[in-house]
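Please consult the sequence and the structure shown here.

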Amino acid sequence: MNSVRTDIQAGSSTQPPDEYKIMVLLVDDQTMVGEAIRRALVGEANIDFHFCTRAEEALAVAEKTHPTVILQDLVMPGVDGMTLVRQYRASAVVANVPIIVLSSKDDPTVKRDAFAGGANDYMVKLPDVIELVARIRYHSRSYINLLQRDAAYRALRESQQQLQKTNFELQRLTNTDGLTGIANRRYFDDYLGAEWRRARRDGLHLSLLLIDVDFFKLYNDNYGHVAGDAVLRRVAQTLDESLQRPADLSARFGGEEFAVILPRTPLEGAQALGQKLCQLVEANQLPHERSTVSSWLTVSIGAACMVPTPEQELSELIEMADRRLYRAKQQGRNRVVWQDD
């Protein structure tokens, strides 16, 4: 994934610097935390970064990626962080890997329990970038010094590189829509579900835009399916380039429908982005002779927002956005509707 520079002092100066790359495995269910740490490391060199969001997969991922340091969130759904720490310590593969526990608070009792449970270090997230990199270097250097005593270390590094390439490809195939290059429906469902649970837990706004290309069937009939595919790619690019925050996600919802997930965004923000998207798509000036709305290709958008309660279901947010998308079409298309009658 991403590489980060490190000043590891090796026991032997004759070995090439590439031998000393470190692998950071972050286990945290919060996508925003993963993106923040990825960005913190992206300007460095000689560190590989791997991100796991599912607690139940953490041990298997650790055993496959062979990290030199694990950043472990303490609070995760399903399996808590200290249970994972104990699982790492019981594994013959990663038993000695340094573990830095990430917690949302600096609580002496929690810190004591973390060290007693097998953690090597404790940090309050999101940590200062300089401190984060320094601790990653320190713990990885100690672990790598142990590994370098083993003649199999070179083979281990080659295995890491191959696993990293495989991980890239699997993520691309699993999460990306083959035609448009943005997130596919499967990843959309997973991401929206995770953000819904986070918004419900923390009492946050979660907004959703559902977007439909106006008169797309007529476009295909008039210009052909090859041109139709090109239009979908262009609309997807416009949506994706309009998003400013790492947590925002554009996805292909199905056919000529797209979606944008906007965590921590009230309805007014979703409405504003929806209006901007309508303008940007029409500004592409893709001719659409058979449209009754404009000479150019346009989109209709339904916007919805909730602060989820325990009694509400995720389907209610999607249905609200879909209902407003339908109203946008009824009202003449090439517009965003963000309210019901």
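In β10, V337 is the bridge partner of G302. The model is predicted, so that local features need pLDDT of at least 70 and side-chain atom pairs count only at pLDDT 80 or more, while totals for chains, interfaces and linings use all residues. Residues are numbered from 1 along each chain as its sequence is written, and side-chain values use heavy atoms, with hydrogens and water left out.

Helices (H or I, at least four residues) and strands (E, at least two) are DSSP runs, numbered from the N terminus. Two strands pair if DSSP finds at least two bridges between them.

| Partner of β9 | Sense | Bridges |
|---|---|---|
| β6 (residues 206-213) | antiparallel | eight bridges |
| β10 (residues 336-337) | parallel | two bridges |

From β9 the chain passes through helix α11 (residues 314-330) to β10 in a left-handed β-α-β crossover; right-handed would mean a clockwise path from the first strand over the helix to the second, with the strands pointing away from the viewer.

Eight of the eight residues of β9 (residues 299-306) are buried, that is, under 20% relative accessible area with a 1.4 Å probe, protein chains only. V299, I301, A303 and C305 point one way, and S300, G302, A304 and M306 the other. In a regular strand the side chains alternate between the two faces of the sheet.

Technical notes. Buried < 20%, exposed > 50% of the residue type's maximum accessible area, 1.4 Å probe, protein only.
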